[in-house]
Amino acid sequence: MHGTGRRHRRAGSRRRAVLGAVAGLLAAGTALGVGQLIAGITGANGSPVVAVGELQIDFTPPWLKNFAINEFGSDDKLVLVSGILVVIAIFAAVIGALATRRLAYGMAGLAVFAAVGLIAAATRPTATFASVLPTLAATGAAVFVLRMLIGLATRPDPASLDTWRYDSWDAAWAAAEPGEPAGTTTLDPASPSAASPADPFMAEPVLPDQPVPPDLPADADRPPASGSVIRPAAGQLGPDGPVGPVGPLRPAGPRSPAGPAGPVSPAGPQRRSFLAASAATAGVATVAGLAGRLLAERSSVTSARNALRIPKPAQTVPGLPAGVNLDIPGLSSFITSNTSFYRVDTAIVLPQVDPSSWQLRIHGMVQREITLSFDDLIRMPLIEDYVTLCCVSNPVGGPYIGNALWLGVKLASVLRRAGIKAGADQLMCTSVDGFTSGTPVQTVMDGRDALLAVAMNGQPLPVAHGFPVRMVVPGLYGYVSATKWVTDINVTTFAGNYAYWAVRGWSQQAPIKTESRIDVPTGTGQIKAGKTAVAGVAWAQHKGIDAVHVRVDSGPWNLATLAAVPGLDTWRQWVYEWDATPGKHLIECRATDNTGYTQTGLDEPQEPNGATGYPMVQVAVT
């Protein structure tokens, strides 16, 4: 009997833990749904998951940032959010299971959730009071759901037992389950406890009488101690009928500590109530989440972008020269399409900025502060130019580089309107989502086409690439020049003013290094012996590519053929005709720019100012 009772209690405890885990997951799901709903009203960036994700990005070390970009590319944010959701699910299941032992454990877990969410939301660069409302609403919803479902999962009979009197749920269940006698116990075969003592949802637990003091007075005429109950001896007739070794043999039914047994009320409805409440909770969470997404989409600027008409440029580029594209299968096109252009930024949710509300403030070390609207900007002379952009996280021979035709206003002309004061050497440029980049004043003012761009490849900027206005500065890595959704430029100095990635250990000034890449062959399959095109692209923005050399198996360097280019600020295609012989081979390349500098073979990581080394590919020739 003792072993059977222990097994029953263990099985019941496991079942309650499972139900608690389900309750925890549903509480978390409801919190996410409600948080998304409130975020849809107050602004998508206020979503608890988004806020936590952006906080995580802020504290990501450079090596982990590079790993995420190299491994997941533009899906790095999807992977981050998915990881956060998995962690939330695991933590929610754990605190739900713990809450079946003591509700306070579950509340403490939710408090941790709330603290992390509030800190993340409140510390965003653009945080307002409305930013914390989604987390507050999500926490309130989770508390309500967890308390309700844990009550249904753990309370054996709400009519017969006040579980809040006990230190833990296990203590409450122990009080509600039949005790284990020292000897044999004769139970009524029809009683629910005899039918299924292991499953509280299948039988109504019998509440025992109040405890008897250990030393019952021998003098029958002596009144009992206050609060005690004198039990008749076994075999005598008690108020509830014949008495067995452990108490009266009576029909099972709810019995309060202060009153007689009531009618039998099977506990099956408790299980049904838990399942019904769980289904309803899941439905509410789903509806809230979908409603939040619809509200967020309502603020989308897609229609405004589609309706936008950009004036014709005052200065157009000549047509592309003949031979700019070598037309080799697998070789990157001279112009990268908008859909293929790489995306690297810190925004988990793309900022939705309507051109009608966009403004650019230029202030700091200037003669006069100015503020431009979008209409003010596009009424200024627009110019177009081909410019190649590259991310500092691009590994040697990596994909985070692209070339496009940009249209915009020269940033230098806007800064001249404000009048830059002597001593200013940095433009601290801020995105609408709070991201900052530090751009050298000298680079912007030296005559190159540094733009406040409004169009890309003949179309208004895609939202993912900075709509309605972004910066494009040839010759600098994107993290110090290519601010998307730009809304503020503070003319200042590098001394004591560090932008987003400079604070995290990257260089304050980062000119793009002379580099090259092998596009074909890829090394993923075998190639046939004979004449084989080895081709790729090379770049040295605002310096220009003068030559590219290729070598095989560490042999002599061979000069490649260069494609034509329209200017100094784009990449350049190249090709080398290799007479491939059977076997395995290692192919390397290097670029030389117009200043005479040749790409180094020294392998260096991306941080703090760009990777170096020879790009290489291993091929098998048959």
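**Burial and charge pairs**

Mentor: Asp519 counts as buried because its relative accessibility is 11%. Buried means under 20% relative accessible area, exposed over 50%, and partly exposed in between, with a 1.4 Å probe and protein chains only. This is a predicted model, where local features need pLDDT of at least 70, side-chain atom pairs count only at pLDDT 80 or more, and totals for chains, interfaces and linings use all residues. Residues are numbered from 1 along each chain as its sequence is written, and side-chain values use heavy atoms, with hydrogens and water left out.

Trainee: Which residue forms a salt bridge with Asp519?

Mentor: Side chains of opposite charge can pair when their charged atoms come close. A salt bridge is a side-chain nitrogen of Lys or Arg within 4 Å of a carboxyl oxygen of Asp or Glu. For Asp519 the partner is Arg517, with the closest N and O atoms 2.8 Å apart. Arg517 is buried too, at a relative accessible area of 7%.

Trainee: Is Asp446 buried or partly exposed?

Mentor: Asp446 is partly exposed, because its relative accessible area is 39%. Its salt bridge partner is Arg448, at 2.6 Å from N to O, and Arg448 counts as buried at 13% relative accessibility.

Trainee: How many salt bridges does a search of the whole structure find?

Mentor: The search finds 14.
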